[in-house]
Amino acid sequence: MKAALVEAPGKVSVTTVPDPTPGPREVVVEVAACGLCGTDLHILQGEFAPSLPLVPGHEFAGEVVGTGSEVSELAVGDRVAVDPSLYCYECRYCRTGHNNLCDRWAAIGVSTAGGAAQYAVAPVANCVRLPDHVRTQDAALIEPLSCAVRGYDVLRSRLGAHVLIYGSGTMGLMMLELAKRTGAAAVDVLDLNPDRLETARRLGCTRAAARADELDRPEGWDLVIDATGNAAAIQDGLGRVAKAGTFLQFGVSDYATTATIEPYRIYNQEITITGSMAVLHSYERAAELFAGGVLDPEVFISDRMPLDSYPGALDRFAAGQGRKILVVP
């Protein structure tokens with residue numbers, strides 16, 4: 001089969017690899033579309049993936065074309081979205097309900113072959129059947145949405161909060177949509193990219209600007225969310241949190257990224273700094289929200305590119321062009 005392959009740090013190609021074979025409790029999915037994500041750029045840099053070469057792609061959906069000997073929940077022809085998370089269910093964190101912090105954490109497309117290919121293998125337990133009205137390609141958005149849902153689980157936001165989001169890429173826009181639906185009084189969005197800011201305005205943010213200084217809120221924001229992973233944005237955002245407010249590190253930074261905190265201010269103003277790691281008991285809820293229309297795929301998906309163009313699609317994504325970029329085998 002044809003697949004994208006990260007051969008070594010900085011080197012990616014589209015090549016032919018062996019067709020996958022399902023285990024007893026696995027299915028083979030013919031991939032309809034696979035989304036690109038910041039994690040894919042980290043993998044290309046040699047981060048996250050335990051070893052290369054690797055077929056990337058952890059945001060995907062498709063049709064079941066093969067089933068393992070012990071699979072009864074799904075049949076050939078079923079359309080599914082796939083939760084890429086793989087846990088050991090044995091370590092302390094799995095046993096205490098923090099599976100996303102599993103000591104042996106792994107994921108389809110991050111540690112095992114993923115969906116940037118014609119076919120991918122997934123545990124049947126990780127597959128969510130799609131309702132008839134959801135287009136299979138569009139369902140590649142469910143995985144990033146499930147990460148955003150996890151972010152709001154961590155925030156435990158209260159009604160009437162003032163929210164500031166750094167970044168209006170796919171994830172920032174998803175956080176915007178969820179903020180609107182979790183009772184925020186106002187949601188402001190920052191981005192240096194004017195095209196992306198225009199999308200935030202289109203989706204109904206309260207205010208949009210390149211920098212927080214352009215917005216008149218000297219007391220700060222109740223919830224500040226970084227969806228960029230950028231050091232300068234993170235540092236600025238830490239200083240914008242209101243008293244008793246929360247800063248959420250949601251964007252994925254490079255390993256070497258650092259920021260400075262002010263311990264006295266955190267103590268004196270009861271500021272919470274927290275993070276959100278991938279998916280935790282949120283994939284099925286994201287699938288239901290998606291089926292209910294929480295996102296408009298026509299707004300979120302800017303590009304549908306052929307699998308042969310995977311290296312170019314990564315370049316486009318790295319350059320900050322478009323919104324969600326899908327590769328279509």
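Student: Is tyrosine 89 buried or exposed?
Tutor: Exposed. In this predicted model, tyrosine 89 has a relative accessible area of 58%. Exposed means over 50%, so tyrosine 89 qualifies.

Student: Where is tyrosine 89 found?
Tutor: Look in the loop between strand E6 (85–86) and H2.

Student: And what about the phi of tyrosine 89?
Tutor: Phi is near 65 degrees there. That is a positive value, and tyrosine 89 is a residue other than glycine.

Student: Which element holds alanine 244?
Tutor: Strand E14, residues 241–249.

Student: Why does alanine 244 count as exposed?
Tutor: Because its relative accessibility is 59%, and the cut-off for exposed is over 50%.

Student: New topic. Which residues make the nonpolar surface patch?
Tutor: Tyr93, Leu101 and Met277. The patch covers about 240 Å².

Student: Where does leucine 101 sit?
Tutor: In the loop between helix H2 (92–95) and strand E7 (106–107).

Student: Why is leucine 101 counted as partly exposed?
Tutor: Its relative accessibility is 42%. Buried is under 20% and exposed is over 50%, so 42% falls in between.

Student: Last one. Which residues does the cis peptide bond join?
Tutor: Leucine 52 and proline 53. Omega is about 10 degrees.

Student: Where is proline 53 in the chain?
Tutor: Proline 53 lies in the loop between helix H1 (38–44) and strand E4 (59–67).

Key
Residues numbered from 1 in each chain as written. Predicted model: local features only at pLDDT ≥ 70, side-chain atom pairs only at ≥ 80, totals over all residues. Heavy atoms only, no water. Patch = residues over 30% accessible without salt bridge, like charges linked within 9 Å, V, L, I, M, F, W, Y side chains within 5 Å. Areas by Shrake-Rupley, 256 points an atom, 1.4 Å probe, with all protein chains shown as cover. Salt bridge = Lys/Arg side-chain N within 4 Å of Asp/Glu carboxyl O. Helix = DSSP H or I, 4+ residues; strand = E, 2+ residues; numbered from the N terminus. Buried < 20%, exposed > 50% of the residue type's maximum accessible area, 1.4 Å probe, protein only.
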